[in-house]
Amino acid sequence: MKVMIAESSYPNDFYRRELDGNSVASLLNTISVENELRYVLDFKHLKKAISEGIDKGFQILHLSCHGDESGIALADNHQLSWDDFALAFHNTSAAPQVLVMSVCCGASSGLGKAFEKQANRPKIIFGSTEALDFSQYAVAWSILYHRFKTDGPKRTVAQVALQQITAVVHASF
C-alpha cells in the first residue's frame, strides 16, 4: 500500500503546526506504509501531486485542506467547487483507488455527484460530512490506515473502519 499525501492548509495552520498531512505521514512511517507528502499551495500543484501519485502507483490519495458543502479551499485561498476538484482527475491515466478527504465536509454528496461526471474516479471516497477539528481527523486516520495496513485498501475494510470511526470519533464519517 502506498499513500500520496497532499497538504494545502492555510498559513495559520502552518503557524500552529496543525498540519494533518504531517501527522498522517508520521503515522504512516510509524506503521511502515510507504508515503510521500507534497505541500500544494495552489491548484497547479494539487493537479501535479495527483498525477504524480497516479504515475507512481499510489493506491491512496490523502488530501488535507479546508472545505465546506460547496467545495475545497487551497493554501492560496483559491476556492474550488466539487466539480472543479473532480476535474483535476480528468487528464490523468487513472484515479487513485481510495481518496481520503481530510477536509471539513469532504464526504459531501456534492463530491460524489462531481465524480459521477468523470471517467477517472476513486472506488472509495472517505471523509466527514461535517466540519470537525484536527484531533478528530487524527484519530480517524489512525484507525483507517491501521485497518488498510492490516487488511488492504478495500471497500469491505473501509466499511469496517467506518464503523469503528463512527463509534469512537464522530458519526459524520
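Let me start with Glu36, which is buried at a relative accessible area of 18%, where buried means under 20% relative accessible area, exposed means over 50%, and partly exposed covers what is in between, all with a 1.4 Å probe and protein chains only. Before I go on, please keep in mind that this is a predicted model, in which local features need pLDDT of at least 70 and side-chain atom pairs count only at pLDDT 80 or more, while totals for chains, interfaces and linings use all residues. Residues are numbered from 1 along each chain as its sequence is written, and side-chain values use heavy atoms, with hydrogens and water left out.

Back to Glu36, then, and its partner. The side chain of Glu36 forms a salt bridge with that of Lys56, at 3.3 Å from N to O, and by salt bridge I mean a side-chain nitrogen of Lys or Arg within 4 Å of a carboxyl oxygen of Asp or Glu. This pair links distant parts of the chain, since Glu36 sits in strand E2 (residues 34-39) and Lys56 in the loop between helix H3 (43-55) and strand E3 (60-68), 20 residues apart. The element names refer to DSSP runs numbered from the N terminus, with helices (H or I) of at least four residues and strands (E) of at least two.

Which residues are linked with Glu36 and Lys56 in a network of salt bridges? The network also takes in Arg38 and Glu52. Glu52 has its place in helix H3 and counts as buried at 18% relative accessibility. If we leave aside its neighbours within four places in sequence, Glu52 is in contact with Met4, Glu36 and Arg38, contact meaning heavy atoms within 4.5 Å.

Over the structure, the count comes to 9 salt bridges by this rule, and two further ones deserve a word. Arg16 and Asp13 meet through their side chains at 3.0 Å, N to O, and they are 3 residues apart in helix H1 (residues 11-16), so about one helical turn separates them. Arg16 is partly exposed at 40%, whereas Asp13 is buried at 7%. Arg147 and Asp151 form the other, with their closest N and O atoms 2.8 Å apart; these two are 4 residues apart in helix H6 (residues 134-151), and so again separated by about one helical turn.

Now to the pockets. On a 1 Å grid over the protein atoms alone, a cavity is a set of points where a 1.4 Å probe fits but cannot get out, and a pocket is an open set with protein on both sides within 12 Å along at least five of seven lines, lining residues having an atom within 4 Å of a point. Grid points are joined across faces, edges and corners, and a volume is the space filled by probe spheres set on the points.

The largest pocket has a volume of about 220 Å³ and is lined by 15 residues, with Glu18, Cys65, His66, Phe134 and Tyr137 nearest its centre. H1, E3 and H6 are the elements that give two or more residues to this lining, and E3 contributes the largest share, 4 residues. By class, the lining has 5 nonpolar, 5 polar and 5 charged residues, where Ala, Val, Leu, Ile, Met, Phe, Trp, Tyr, Cys and Pro count as nonpolar, Asp, Glu, Lys and Arg as charged, and the others, Gly among them, as polar.

The second largest pocket holds about 160 Å³ of space, and the residues that line it include Ile124, Phe126, Arg155, Leu162 and Phe173. Strand E7 (124-127) and helix H7 (155-168) are the elements that give it two or more lining residues, and its lining divides into 7 nonpolar, 4 polar and 1 charged residues.

Finally, the cysteines. A search of the whole structure finds 0 disulfides, a disulfide being a pair of cysteine sulfur atoms within 2.5 Å. Cys104 is buried at 17%, and Cys105 is buried at 4%.
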